[in-house]
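Subject: Handover of a structure and its findings

Dear colleague,

I am passing on to you the structure shown below, together with an account of what was found in it. Please read the account with the structure open beside it.

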Protein chains: 2
Amino acid sequence: MYSIGIDIGGMSIKAGLVKDGKIVSSNRKVTAPTSGQSLENLIVQINALLSENSLTEKDIAGIGIGCPGLISSEEGVVDHNSNMKWENFHLVDLLKQSFNVKIKLSNDANVAALGETVYGSAAQYKNAIMLTLGTGVGGGIIIDGKLYEGGFSKGAELGHMVIVKDGEKCGCGRRGCLEAYASATGLIRMTKTAMKNAPDSAMWNYVDGDINKVGGKTAFECAKAGDKAAEKVISEYVAYLAEGIMNLANIFRPEVFIIGGGVSAQGKYLTDRLKGYCEKFNYGYTNAPKFDIVTATLGNDAGIIGAAALVV
Amino acid sequence: MYSIGIDIGGMSIKAGLVKDGKIVSSNRKVTAPTSGQSLENLIVQINALLSENSLTEKDIAGIGIGCPGLISSEEGVVDHNSNMKWENFHLVDLLKQSFNVKIKLSNDANVAALGETVYGSAAQYKNAIMLTLGTGVGGGIIIDGKLYEGGFSKGAELGHMVIVKDGEKCGCGRRGCLEAYASATGLIRMTKTAMKNAPDSAMWNYVDGDINKVGGKTAFECAKAGDKAAEKVISEYVAYLAEGIMNLANIFRPEVFIIGGGVSAQGKYLTDRLKGYCEKFNYGYTNAPKFDIVTATLGNDAGIIGAAALVV
């Protein structure tokens, strides 16, 4: 059966018709930053998907929605989303006025984890933790094949786990959160610091001498090419991320960790180094039930496919 | 209905007949360290409870067992317990040869959390995290009123979450775990270090000038009496423990944290200071769903009552 997945992003809303974990049809609308709480566009997008594929409500299992911000998933309410200017926005109830189908809402990071576990890189596992490494660090937890969102559906904020007490300032107000180190933002900060201390590093060539061009790939690519300063950055970055992974392993003992977001483009190079670090610590790895570390495979489709998985 | 709770400790096995969360009858046998895998004593203890109270198997809901070490709870197997010298010990199956009732096994820290949530300090809550602060830091997680043990029933090792990367060495092989700071052992280490740096601290009087007499109360009692060096120790101790609590709050968003173990004797003095620290951080506390912090109330009975709760 078909289902519809909605991926509400910072700049656009993507809607997709999904069957067996594959997007068979999709559309995208850029959101006007002043549009406020209107659902008009979204309703047009969903109706377009149905009509263009000669389907009616009866042909779909439901509509799943992934949305950044604070979500009350059981109530179907977006408590707060700054991009859409939604505050205490009863998204599910409002959408039900137009579509008489099952409609589910969850946080975007949760939805990505669900998509990867049902249809993506972790499809053979029932217990998984996803860390999405981008501007921040998003978290998703799958227990026995089901999304675990924490109490009040406000948990799974895995990026906001302090691993360096009194460390780098985090956007959440605390210091030393995993997010401050393992995000692409953290990686870029560490790369820039290393470059300032190593004027002869190959990283300077990589960015044409312009430190503002440093990105999440800079240190990775230069480390692969043998640059010592870059290698040190990656070694430290892997250590921070691996400590976060082992913390979560000791709490959840998942079968797999899924790495998503921009940094996950490093694939096996990253996961092999993470596994190498974890293997050094027998309590959390060698003597405990093993876990795999993989990178996400759904890529840009994760939002739509994961959202659709909410209603399958 | 009655149930039987078994608390397997390092030095003894305690067995209790429990009704409505209260121990109505109990016995205790010291374990010979060389006794190996025998269950003889335990069977005698259970039979004594039944006969002394004129009960038969039919009168009890079952037998619950809390045991330290590595447990496979679904299989009813003690993978490893060094005190009892049990390795891959099929405790539940063996006990079922003598008692034809429901028998459940779990880790001692998990069982304590269940007891506190069903019958103790957190009886009004469905989502709770317990931290038992003693020689180490034990963890227990209750989600929707049920024990969550993590995958392979090997999770909930909340003490082995690194909060200070490259910090104090932990028994688990990593550095900077919550256990290395928030356990009584960690508190005593910090107290001794502070005393060495403050020869005029009142803490020296408290221990009659003998640093070997430092215990988990030393810094707490002297801080209450106004000693500056002691106050600094407690302030740091509270900070470490509170960072661990906020990490877990961001993951689980429980309604309550339960503090157990020796340190919990500090009661409201400790929980008020913990709340004060958490309130400073709006992401994890003020703007997020509130959580309470309480101390355990079942005390030495937690093991028996919690174990009995496994079969209720």
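The notes that follow cover the interface between the chains, the aromatic pairs and the salt bridges.

Please bear in mind throughout that this is a predicted model.

The interface

Chain A and chain B touch through 36 residues of chain A and 36 residues of chain B. The size of an interface is often given as the accessible area lost when the parts come together. Here the area buried between chain A and chain B is about 3300 Å², and carbon and sulfur atoms give 61% of that area.

Two salt bridges are counted between chain A and chain B. In a salt bridge across the two chains, the side chain of Arg174(A) meets that of Glu243(B), with an N to O distance of 2.6 Å. Polar contacts across the interface of chain A and chain B amount to 20 residue pairs, with both residues at pLDDT 80 or more.

Which elements of chain A give two or more residues to the side that touches chain B? They are β10 (137–143), α8 (228–252) and α10 (282–286) of chain A. The largest share of that side comes from α8(A), with nine residues. By residue class, the side of chain A that touches chain B divides into 21 nonpolar, eight polar and seven charged residues.

Aromatic pairs

Over all chains, the count of aromatic pairs comes to 13. One of them is formed by Tyr148(A) and Phe252(B): the ring centres are 6.0 Å apart and the planes stand at 50 degrees, so the pair is tilted. Tyr148(A) lies in the loop between β11 (146–147) and α4 (178–182) of chain A, while Phe252(B) belongs to helix α8 (residues 228–252) of chain B, so the pair joins two chains. Both Tyr148(A) and Phe252(B) are buried. Together with Phe252(A) and Tyr148(B), these two residues form one aromatic cluster.

Salt bridges

The whole structure holds 22 salt bridges over all chains.

Lys154(B) counts as buried because its relative accessibility is 12%, and the cut-off for buried is under 20%.

Lys232(B) and Glu236(B) are four residues apart in helix α8 of chain B, so about one helical turn separates them. Is Lys232(B) buried or exposed? At 55% relative accessibility, Lys232(B) counts as exposed, whereas Glu236(B), at 34%, counts as partly exposed.

Yours sincerely

Terms used: Residues are numbered from 1 along each chain as its sequence is written. Chains are lettered from A and ligands numbered from 1 in the order in which they are written. This is a predicted model: local features need pLDDT of at least 70, side-chain atom pairs count only at pLDDT 80 or more; totals for chains, interfaces and linings use all residues. Side-chain values use heavy atoms; hydrogens and water are left out. Contact means heavy atoms within 4.5 Å. Buried area is the accessible area (1.4 Å probe) that two parts lose on being put together, summed over both. A salt bridge is a side-chain nitrogen of Lys or Arg within 4 Å of a carboxyl oxygen of Asp or Glu. A polar contact is a pair of N or O atoms within 3.5 Å; within protein, one must be able to donate a hydrogen and the other to accept it, and residues adjacent in sequence count only if both atoms are side-chain atoms. Ala, Val, Leu, Ile, Met, Phe, Trp, Tyr, Cys and Pro count as nonpolar, Asp, Glu, Lys and Arg as charged, and the others, Gly among them, as polar. Rings of Phe, Tyr and Trp (its six-membered ring) pair if their centres lie within 6.5 Å; planes under 30 degrees apart count as stacked, over 60 as edge-to-face and the rest as tilted. Buried means under 20% relative accessible area, exposed over 50%, partly exposed in between (1.4 Å probe, protein chains only).
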